[in-house]
Amino acid sequence: MSDTAGLSAARTATIFPGVPLIESPIFDSEELSGFTEHEKQIARQLNTDGFAVLDFPDPEIDARIERIKRNLGPGFDIPLDDPAADKTKGERRIQDAWKTDKDVHAIASNPAMLDLLSKLYGRRAFPFQTLNFPVGTQQSAHADSVHFSSLPERFMCGVWLAMEDISATAGPLFYVRGSHRWPIVSNAMIGRRGYGSVSHSAQAPYAEAWAAMCETYDKVEEPFLARKGQALIWCANLLHGGSRQTDPKLTRWSQVTHYFFDDCIYYTPAFSDETLGQLALRNLVSIEDQSPKPNTYLGEPVAAAKPAKRGRLSKLFGKRG
């Protein structure tokens with residue numbers, strides 16, 4: 001028997017505190033003590049596949065969904081009430097509707113989901129962004145790790161909630177199973193300077209690298225044909241996107257909530273150069289209670305780094321408060 005056999009989650013957290021539990025290098029030896037059988041199943045699926053599916057843990061979810069549709073629907077430039085109209089034109093998302101819609105806020109701050117994510121990652125989760133969609137994004141494969149990232153890495157995840165049954169012709173969410181285990185594509189890997197750069201799309205510079213890895217690993221996009229009330233948790237580095245919508249008359253209502261975890265540096269990698277300590281830091285509040293979530297590392301505050309001088313590396317963390 002291996003010397004690591006039978007390690008508890010608490011023991012693993014002691015050895016690798018800078019790694020999410022579900023992405024631990026010794027996850028296979030975990031007993032997951034304190035987890036229910038359902039939680040163990042979710043943890044193992046996240047570790048193996050990079051995503052997990054569950055019924056959203058809110059007995060009022062159907063009523064919340066219908067209120068959100070009524071409240072947010074008029075804000076989209078889409079003829080949602082006309083079953084024969086093309087739904088794919090016009091504005092197709094609202095960001096941070098939690099600020100004005102109590103049901104969007106309640107979904108993002110669901111206590112059972114926060115407790116589950118905190119257990120899975122080994123640090124307390126907090127929601128920081130919501131996106132609401134009446135139709136599919138038809139967005140190409142991408143990893144959230146270029147949009148939102150943390151130091152230590154991978155302490156970020158997304159939860160996608162189906163607000164109606166999703167058919168194959170409605171442009172369903174897709175994922176690339178197991179891609180969360182691949183290297184996180186950084187600006188350094190693709191020979192790009194990010195800090196101070198301008199790009200029409202934060203993810204476009206990385207598309208060729210992601211496509212090459214999919215080809216090399218012989219991975220394909222798999223659609224998630226969800227039913228109303230199902231949620232999908234995905235890891236920060238999982239490739240995912242929106243399938244092409246072949247029936248433009250259909251809606252595809254959904255809500256995405258993005259989560260970070262306590263005691264991390266939170267930044268945007270697409271516009272950062274980690275090697276030089278030039279980080280596009282994020283100033284966040286928790287959706288749950290609007291409390292500020294400062295950038296910290298091992299409990300110490302982190303300030304933005306000054307631009308690096310030519311020929312010298314700037315200090316990664318700048319001045320400490």
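**Questions about a predicted model**

Colleague: Which residues does Thr257 touch, if residues up to four places away in sequence are not counted?
Modeller: First, a word on the ground rules: this is a predicted model, where local features need pLDDT of at least 70, side-chain atom pairs count only at pLDDT 80 or more, and totals for chains, interfaces and linings use all residues. Residues are numbered from 1 along each chain as its sequence is written, and side-chain values use heavy atoms, with hydrogens and water left out. Contact means heavy atoms within 4.5 Å. With those neighbours in sequence left out, Thr257 touches Ala108, Pro127, Gln129, Thr130, Cys157, Gly158 and Val159.

Colleague: Does Thr257 count as buried or exposed?
Modeller: Thr257 lies in strand β10; strands here are DSSP runs (E, at least two residues) and helices are DSSP runs too (H or I, at least four), numbered from the N terminus. Buried means under 20% relative accessible area, exposed over 50%, and partly exposed in between (1.4 Å probe, protein chains only). Thr257 has a relative accessibility of 2%, so it counts as buried.

Colleague: Which side chain makes a polar contact of 3.5 Å with that of Thr257?
Modeller: A polar contact is a pair of N or O atoms within 3.5 Å; within protein, one must be able to donate a hydrogen and the other to accept it, and residues adjacent in sequence count only if both atoms are side-chain atoms. For the side chain of Thr257, the partner at 3.5 Å is that of Gln255.

Colleague: Which strand do 8 bridges join to β3?
Modeller: Two strands pair if DSSP finds at least two bridges between them. The 8 bridges join β3 (residues 125-133) to an antiparallel partner, residues 254-261, which is β10.

Colleague: And which strands stand at the edges of the open sheet of 6 strands?
Modeller: The order in this sheet is β1-β8-β5-β10-β3-β2, with antiparallel pairing. Each edge strand has a single partner, so one side of it has no neighbour in the sheet; the two are β1 (51-55) and β2.

Colleague: Helix α2 packs on that sheet, so what angle does its direction make with that of β1?
Modeller: Helix α2 covers residues 37-49 and touches β1 and β8 (230-235). Axes are lines fitted to C-alpha atoms, for helices over the stretch in contact, and angles run from 0 to 180 degrees between N-to-C directions. By that rule, α2 and β1 make an angle of about 150°.

Colleague: What is the relative accessible area of Gln95?
Modeller: Gln95 lies in strand β2 (residues 94-95). Beyond four places in sequence, Gln95 touches Gln129, Thr130 and Leu131, and its side chain makes a polar contact of 3.4 Å with that of Asp96. Gln95 counts as partly exposed because its relative accessible area is 43%.

Colleague: How far apart are the C-alpha atoms of Ser254 and Leu173?
Modeller: Ser254 is placed in strand β10 and, at 0% relative accessibility, counts as buried. Its side chain makes polar contacts of 3.4 Å with the side chains of Trp160 and Arg252. Ser254 and Leu173 are 81 residues apart in sequence, but in space their C-alpha atoms are separated by 9.8 Å.

Colleague: Which elements give two or more residues to the lining of the largest pocket?
Modeller: On a 1 Å grid over the protein atoms alone, a pocket is an open set of points with protein on both sides within 12 Å along at least five of seven lines, and lining residues have an atom within 4 Å of a point. Grid points are joined across faces, edges and corners, and the volume is the space filled by probe spheres set on them; for the largest pocket this comes to about 490 Å³. It has 25 lining residues, and closest to its centre are Arg93, Leu131, Phe133, Thr137 and Gln139. The elements giving two or more residues to this lining are β3, β9 and β10.

Definitions and conventions: 1 Å grid on protein atoms, 1.4 Å probe; cavity = no way out; pocket = protein on both sides within 12 Å on 5 of 7 lines; lining within 4 Å.
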